[in-house]
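Subject: Structure for you to look at

Hello,

Here is the structure I said I would pass on. Please open it first, then read the notes below it.

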Amino acid sequence: MNKNLVLILTTVNAPYSNQLDGAMLAHCLSDIELAKVFSGQVSSFFGEVPLDQQTEFAAEFGIAVDDLKRLASDFSAWSGESYHLAA
């Protein structure tokens, strides 16, 4: 596991007992309904992980940047939070 992935997973999983691995986080970032189930981790990803690491993560897991932006926007609308990627 590369250093950036470890940092991302540490950031998004820190306060949660239900820990996501990279593949599961990627799945959450590709499915708005699953993102809602793991809303804390998804919110941490979009709100606490630096933008360049978000896009690097997406590329590593085969998520197109436009798809990630779309999910960030949908998640932002659902959660009421504001995220750079959703802008």
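A salt bridge is a side-chain nitrogen of Lys or Arg within 4 Å of a carboxyl oxygen of Asp or Glu. By that rule the structure, which is a predicted model, holds 2 salt bridges.

One of them joins the side chains of Lys36 and Glu33, at 3.4 Å from N to O. Both residues belong to helix α3 (residues 32-37), where they sit 3 residues apart, about one turn of the helix. Lys36 has a relative accessible area of 27%, so it is partly exposed. Glu33 is partly exposed too, at 49%.

Asp67 and Arg70 form a salt bridge as well, with their closest N and O atoms 2.7 Å apart. This pair lies in helix α6, again 3 residues apart, about one turn of the helix. Asp67 is partly exposed at 39% relative accessible area, and Arg70 is partly exposed at 49%.

Helix α6 (residues 65-79) also contains Ser76. With a relative accessibility of 16%, Ser76 counts as buried. Beyond its neighbours within four places in sequence, Ser76 is in contact with Glu81, Ser82, Tyr83 and Ala86.

Lastly, helix packing. Helix α1 (residues 3-13) packs against helix α5 (residues 51-60) at an angle of about 110°, and their axes are 11 Å apart. The angle therefore makes α1 roughly perpendicular to α5. Their crossing is left-handed. On the α1 side the contact uses Asn4, Leu5 and Ile8; on the α5 side it uses Gln53, Glu56, Phe57 and Glu60. These contact residues divide into 3 nonpolar, 2 polar and 2 charged.

Regards

Methods: Residues numbered from 1 in each chain as written. Predicted model: local features only at pLDDT ≥ 70, side-chain atom pairs only at ≥ 80, totals over all residues. Heavy atoms only, no water. Axes fitted to C-alpha atoms, helices over the stretch in contact; angles between N-to-C directions. Helix = DSSP H or I, 4+ residues; strand = E, 2+ residues; numbered from the N terminus. Parallel < 35°, antiparallel > 145°, perpendicular 65-115°, else oblique. Left-handed = near helix turned anticlockwise from the far one by under 90°. Contact = heavy atoms within 4.5 Å. Nonpolar A, V, L, I, M, F, W, Y, C, P; charged D, E, K, R; others polar. Buried < 20%, exposed > 50% of the residue type's maximum accessible area, 1.4 Å probe, protein only.
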